[in-house]
Amino acid sequence: MLNTIKNKILALYSDLVCQLKRWQHAKNLPALEKRDRLILDTLKRDGVYVTTLADLGLNSTSELLKAASEQLLRMKNVNNEHLEQKWPQIHTVTGLPEFSTWGTEKRLLNIIENYIGLPITFHGVHLRKDFPSDNQFGTLLWHSDAEDRRIIKIFIYLNDVEEKTGPFEYIPRSLTSIFSLKYWRLYYQLWKSSYMGIDDEEVKKIISKSAWKSCPGAACTVIFVDTKNTLHHGTVRTKTRSALFFCYTANPPERPELCTQYWDDTYPRAELLSLSDIEKSLV
Ligand SMILES: [Fe+2]
């Protein structure tokens with residue numbers, strides 16, 4: 001009990017220090033073009049901004065898409081038909097320049113630094129396939145991510161995503177202000193789940209389903225989201241969904257140990273897989 005109180009006080013103190021650093025850094029934030037300020041303002045209000053690769057218009061997009069198609073073809077088919085819970089198949093593609101170049105485009109970094117309010121770091125990219133499931137587990141449960149106090153993840157759909165493909169879904173931040181009872185009820189349920197996530201039935205009791213925002217979209221839809229401060233999940237699906245996940249936090253993040261998965265050996269790394277292909281072709 002004493003330890004819990006001590007940890008809570010330490011956490012509040014480090015949040016306060018972080019806020020002070022944000023105030024100090026405010027004068028150093030990069031200027032944004034009008035179109036990018038709209039992304040920032042929407043993120044601040046709702047926690048999510050949805051656009052497309054074409055509308056974003058970043059220079060390295062065509063290389064990114066070409067590399068993503070190639071890497072998708074390299075992903076081996078997994079034998080998970082018999083499994084009750086089909087966990088996502090993830091490859092780390094951070095080591096391939098087409099992905100890291102897109103992820104570190106200056107315009108993106110400027111938007112994200114303005115949102116996080118501190119110097120930022122780009123952790124990396126996952127290429128991910130999410131499989132059909134008719135029950136909620138893992139990231140299909142409503143949850144918030146834990147890497148930092150503010151996190152930006154950018155999701156890019158690599159195939160058309162409609163209801164049966166399981167779109168990303170979220171609750172706008174404006175509906176879950178920290179000063180509202182709903183916020184405390186939701187986070188109490190999350191705490192009871194040990195932050196593993198809560199199902200639709202629990203969330204429905206607090207926020208009506210009509211207020212949930214689903215994000216279907218064609219291939220190349222881009223979703224910016226603060227996955228820490230926006231309750232979110234992937235919806236149950238009958239068709240596989242492929243997507244890229246880019247991750248950014250303040251530098252350093254609150255929980256650096258949760259960020260290594262974007263570049264370490266937690267998941268197969270594309271550049272090593274490519275190397276083994278080259279070696280095989282030389283034999
Ligand atoms: Fe998440």
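A salt bridge here is a side-chain nitrogen of Lys or Arg within 4 Å of a carboxyl oxygen of Asp or Glu. By that rule, the count between domain 1 and domain 2 of this predicted model is one salt bridge. The model is predicted, so local features need pLDDT of at least 70 and side-chain atom pairs count only at pLDDT 80 or more, while totals for chains, interfaces and linings use all residues. Residues are numbered from 1 along each chain as its sequence is written, and side-chain values use heavy atoms, with hydrogens and water left out.

**The two domains**

- Domain 1 covers 1-30 and domain 2 covers 33-281, with bounds from an automatic or database domain assignment.
- Their C-alpha centres lie 25 Å apart.
- Ten residues from domain 1 and ten residues from domain 2 make the contact, meaning heavy atoms within 4.5 Å.

**Where they meet**

- About 890 Å² is buried between domain 1 and domain 2, with 53% of it on carbon and sulfur atoms; this is the accessible area (1.4 Å probe) that two parts lose on being put together, summed over both.
- On the domain 1 side, Arg22, His25 and Pro30 lose the most area to domain 2, together 59% of what that side buries.
- Aspartate 15 pairs with arginine 149 in a salt bridge, and the closest N and O atoms are 2.7 Å apart.

**The iron site**

- His143 (NE2), Asp145 (OD) and His232 (NE2) coordinate the iron ion at 2.2 to 2.3 Å.
- Donors are N, O and S atoms within 2.8 Å of the metal (3.2 Å for Na, K and Ca); water is not among the atoms, so sites may look incomplete.
- Along the chain, the donors of the iron ion follow the spacing H-x1-D-x86-H.
- Histidine 143 counts as buried because its relative accessibility is 10%, and aspartate 145, at 13%, counts as buried too.
- For these labels, buried means under 20% relative accessible area, exposed over 50%, and partly exposed in between (1.4 Å probe, protein chains only).
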